[in-house]
Amino acid sequence: MGTIWQPMLIDGQGPKYQSVVSSIRQGIEAGDLKPGDKLPPVRDLAWKLSITPGTVARAYTILTDEGILNAEVGRGTFVAPPHHTRVSDAPIEIDVVPHDAEEDGEQYNVSLFSPHLPCVGQDKLIRQLMVQVAEDPPSGVMHYPSRAGARPARRAVLRWLEGTPLGPLGDKDIVLCHGGQNAVLMVLQSILEGRRPTVLIEELAYPGFRRAAEMLRADVVPVAMDANGILPDAFEQAMRSHDAQVLCTSPEVHNPTGGFTPLARREEIARIARKYDVQILEDDCYRMGVNRAPSYRMLAPERGWYVSSIAKTVTPALRFGFAIAPEGKWSVLRRNAEHSFFGLATPMSDVAALLLMHPQIDTLTEETRRAFNIYVQSAVNILGGYDLSWREDVPFLWLRLPMGWRAGAFCQAAEAVGVQIRSAEEFVCRDARAPHAVRMAVNAGVSLGSFEAAITRLCQLLDNPPEQISV
């Protein structure tokens, strides 16, 4: 660390740790702390400021979680470079990391944070449809979105969902939104009541459930699960202990493990949900193939809510998703969307309508699924000797780490060799105990050779765990 920065407590910042946070921020903004500068050890800074080490540690943790500082085991805490991005900075599914470094002709820095779809022709089709809409926009460009104007897009979603076991469904039941995460938030806004509602999630769960619930000031309670999903006994016990209003789950493609909840387990979950009058929110964004079991909306039509999007099958760029309420409750969901953002931008709903009704779309999505499968098979061939969960039609793999590795340390080691992956800690509640496991998404945006080279580097790490003994 340079000698210019003079740490001090800043008045009017509330708790002392907030004052330390503000002091460090001001030092960085003023240029007194530069990228790469090392901050004082926790105890040294605490002594200088006459505060407790715990207060300094909390301030460092807050800034590290935000990516402003970078904590390195055994070395200390440093000011992160402006472009530095921690895994936790992308808490849901966002990945905008460029892949432009090369070594031996292959891209070396490969992000496996979130699935990256291959370009199989959908990019060209989308551009063509954008030009078509620009030249002759069906909904015009001078009006607010309307229910009538969005009808073609809703009907296109109906066509997109053909074969999905959702029960009786009409275009009025479809509520359009800005991607799957927006759909989750809309559904929770439609369900939750009271000053401090409770939301149940799987103990390993898509982080977007938790973030949406926290935005709505709801308490989040994890429910124990096994390889087949939520444990019915644990679900019932949670309902006895908490006045929960909704259970959030991903039964077709569980995120992050890739698991599947079979019909018998779903029927038991639906029975308990009826017994305690709790709603069920089903996230189906990751499914690329046909359903293997009926949705909760079909099994429990009076309480089953369903959300999905085209982000994992066509493109995430359009931010096109949708939510479906239980039978007879579509007006609540629609009103919530209209009160929140009026509706999707009319040019975007026009493009989505043309895209999902296009005669090429089924072929393109099948080619996307096959391309992902090639990458998945390559990863399995390289990592097959380890405890790996995977499915051919799921664009990520779940790796339970061998003895000698903890998830956080493995993610740091992986990033050091140019591979970015997600720790199991990102998929559990803050105070929950996470397994020693990581999720590796398929990045089909890089060449198969680059992807295989990245997986091989991970395999080499697994073969050589750190030889450290704590005393």
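Predicted model: local features only at pLDDT ≥ 70, side-chain atom pairs only at ≥ 80, totals over all residues.

Guide: Residues are numbered from 1 along each chain as its sequence is written, and side-chain values use heavy atoms, with hydrogens and water left out.

Visitor: At roughly what angle do the axes of α2 and α3 cross?

Guide: Helices here are DSSP runs (H or I, at least four residues), numbered from the N terminus, and their axes are lines fitted to C-alpha atoms over the stretch in contact, with angles from 0 to 180 degrees between N-to-C directions. The axes of α2 (residues 42–49) and α3 (residues 53–65) come within 8 Å. α2 and α3 are therefore oblique to each other, a label for what remains once angles under 35 degrees (roughly parallel), over 145 (roughly antiparallel) and 65 to 115 (roughly perpendicular) are set aside. The crossing angle is roughly 120°.

Visitor: Which residues of α3 make the contact with α2?

Guide: Contact means heavy atoms within 4.5 Å. On the α2 side V42, R43, L45 and A46 take part, and their partners in α3 are P53, V56, A57 and Y60.

Visitor: How many nonpolar residues does the contact of α4 with α12 have?

Guide: Helix α4 (residues 122–135) packs against helix α12 (residues 346–357) at about 125°, with the axes 9 Å apart. From α4 come L125, I126, L129, M130, Q132 and V133, which meet P347, D350, V351, L354 and L355 of α12. Ala, Val, Leu, Ile, Met, Phe, Trp, Tyr, Cys and Pro count as nonpolar, Asp, Glu, Lys and Arg as charged, and the others, Gly among them, as polar. Beside one polar and one charged residue, the nonpolar residues in this contact number nine.

Visitor: About how much space lies in the largest cavity?

Guide: A cavity is a set of points on a 1 Å grid over the protein atoms alone where a 1.4 Å probe fits but cannot get out, and lining residues have an atom within 4 Å of a point. Points are joined across faces, edges and corners, and a volume is the space filled by probe spheres set on them. The whole structure holds two cavities of 30 Å³ or more, and the space in the largest is about 50 Å³.

Visitor: How many charged residues are in the lining of the second largest cavity?

Guide: This cavity holds about 30 Å³, and its lining includes E252, R287, R292, R391 and D393. With three nonpolar residues and one polar residue also in the lining, the charged ones number five.

Key
Helix = DSSP H or I, 4+ residues; strand = E, 2+ residues; numbered from the N terminus. 1 Å grid on protein atoms, 1.4 Å probe; cavity = no way out; pocket = protein on both sides within 12 Å on 5 of 7 lines; lining within 4 Å.
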